[in-house]
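Keep the picture in view as you read.

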Amino acid sequence: MVKVPAAAVAASGLVGGYGVARWTRKRQLGGVALAAAGTLAAYGWNRQAGPRAAAGLTVAYVAAFAGSHPLAKKVGAWPAVFTVAGGVAAASWAVTRRASV
């Protein structure tokens with residue numbers, strides 16, 4: 001079985017959640033995609049770095065989602081989504097990398 005890094009899952013959840021919501025015009029479906037990826041990422045973070053790191057990264061994931069909305073008003077929707085997805089992926093990588101060393 002291939003292991004997908006939690007950083008990639010989290011970033012994909014933010015991008016995919018927005019994409020699903022935009023293309024289906026159903027925000028609830030985007031929310032389901034966002035939540036599913038966030039749950040899967042949190043599971044990976046917990047396994048890789050423990051519950052405290054998982055909790056912190058989950059808060060960062062939710063904050064990134066919330067923060068993308070005001071950022072989108074300044075730079076546009078897709079640039080905002082890619083920016084916050086990159087930020088969450090970088091934070092995830094840094095925390096899980098440090099925990100595995």
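## Where α1 meets α3

A10, G13 and L14 of helix α1 touch Y61, A64 and F65 of α3, where contact means heavy atoms within 4.5 Å. By class, this contact of α1 with α3 holds 5 nonpolar residues, 1 polar and no charged ones. Here Ala, Val, Leu, Ile, Met, Phe, Trp, Tyr, Cys and Pro count as nonpolar, Asp, Glu, Lys and Arg as charged, and the others, Gly among them, as polar.

Helix α1 covers residues 6–24, and its axis comes within 11 Å of that of α3, crossing at roughly 25°. Axes are lines fitted to C-alpha atoms, for helices over the stretch in contact, and angles run from 0 to 180 degrees between N-to-C directions. The two helices are therefore roughly parallel. Angles under 35 degrees count as roughly parallel, over 145 as roughly antiparallel, 65 to 115 as roughly perpendicular and the rest as oblique.

This is a predicted model, in which local features need pLDDT of at least 70 and side-chain atom pairs count only at pLDDT 80 or more, while totals for chains, interfaces and linings use all residues. Residues are numbered from 1 along each chain as its sequence is written, and side-chain values use heavy atoms, leaving out hydrogens and water.

## Where α2 meets α3

Helix α2 (residues 27–49) has an axis that comes within 7 Å of that of α3, and the two cross at roughly 155°. α2 and α3 are therefore roughly antiparallel to each other. On the α2 side, the contact includes L34, A37 and W45, and on the α3 side P51, L57 and F65 are among the residues involved. In this contact of α2 with α3 there are 11 nonpolar and 3 polar residues, with no charged ones.

## A closer look at S68

Is S68 buried or exposed? S68 is buried, because its relative accessible area is 10%; buried means under 20%, exposed over 50%, and partly exposed in between (1.4 Å probe, protein chains only). S68 sits in α3, which spans residues 51–75. Setting aside neighbours within four places in sequence, S68 is in contact with A80 and V84.

## The whole chain

The protein chain has 4 helices and 0 strands; these are DSSP runs, with helices (H or I) of at least four residues and strands (E) of at least two, numbered from the N terminus. Of its 101 residues, 32% count as buried. The C-alpha atoms fill a box of roughly 40 × 30 × 20 Å, taken along the principal axes.
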